[in-house]
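Here's a quick briefing to read alongside the model. Have the sequence and the 3D view open while you go through it.

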Amino acid sequence: VDMAQYERTGLEEDAQLLFNKGIATRDLLGYLWNYDQTEFFIDLMKRTMLMSDYRNDCFLIPSLLKENKDMGPVDTRCVIDFSKSFLPHGVFQRLVCLCVEYVS
């Protein structure tokens, strides 16, 4: 990822948030989609459970979350472990979107 392009547009912090924590700002999504049909794409991704509202005009994109084995449970209220069974690709990300939407 070329962070210089985001620095020039003033979206460096937004890009770092997306690439490090899977959280996208509306401004960054607009930039990435050339400000063309941004609302359409946001609605499409939310309807297909690829993205969910997070907070303060931000969205969580679970497929961009990185696995962090060093971090233990922090204020965990629920643990779902699929390590001993099969789960089709994409189902977990959609489950995360449903949970985030439920608590929002």
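Predicted model: local features only at pLDDT ≥ 70, side-chain atom pairs only at ≥ 80, totals over all residues.

The protein has five helices and three strands, and from the N terminus on they come in the order α-α-β-α-α-β-β-α. Of its 104 residues, 25% are buried.

**Overall layout**

- Take the contacts with a separation of 6 or more: 48% of them link residues 24 or more positions apart.

- The three strands make an open sheet, in the order 1-3-2, with antiparallel pairing.
- Strand 1 (23–25) and strand 2 (52–53) sit at the edges, each pairing on one side only.
- Helix 2 (residues 12–21) packs on this sheet and touches strand 1 and strand 3. Its direction makes an angle of about 155° with that of strand 1.
- Between strand 2 and strand 3 (residues 58–60), the antiparallel pairing runs over two bridges. If you want a spot to look at, S52 has L60 in strand 3 as its bridge partner.

**The nonpolar cores**

- In soluble globular proteins, nonpolar side chains tend to be buried together.
- The largest nonpolar core here has 12 residues: Y6, L11, A15, L18, A24, L28, L29, I42, M45, M51, F59 and I61.
- Helix 2, helix 3 (26–32) and helix 4 each put at least two residues into this core.
- Another core, of five residues, lies apart from that one, and its members include I23, C58, V96 and V100.
- I61 is one of the residues of the largest core. Setting aside neighbours within four places in sequence, I61 contacts L18, G22, A24, L50 and M51.

**T38, a residue of helix 4**

- T38 belongs to helix 4, which covers residues 38–47.
- Is T38 buried or exposed? T38 counts as buried because its relative accessible area is 11%, and the cut-off for buried is under 20%.
- Leaving out residues up to four places away in sequence, T38 touches L29, G30 and W33. Of these, L29 also shows up in the largest nonpolar core.

**Aromatic pairs**

- A pair of aromatic rings is described by the distance of the centres and the angle of the planes.
- How many aromatic pairs does the structure hold? There are four.
- Y6, F19 and Y31 come together as one aromatic cluster. Y6 is also a member of the largest nonpolar core.

How values were computed. Residues numbered from 1 in each chain as written. Heavy atoms only, no water. Pairing = 2+ DSSP bridges. Helix = DSSP H or I, 4+ residues; strand = E, 2+ residues; numbered from the N terminus. Contact = heavy atoms within 4.5 Å. Axes fitted to C-alpha atoms, helices over the stretch in contact; angles between N-to-C directions. Buried < 20%, exposed > 50% of the residue type's maximum accessible area, 1.4 Å probe, protein only. Core = buried A, V, L, I, M, F, W, Y, C linked by side-chain atoms within 4.5 Å. Phe/Tyr/Trp six-rings, centres within 6.5 Å; stacked < 30°, edge-to-face > 60°.
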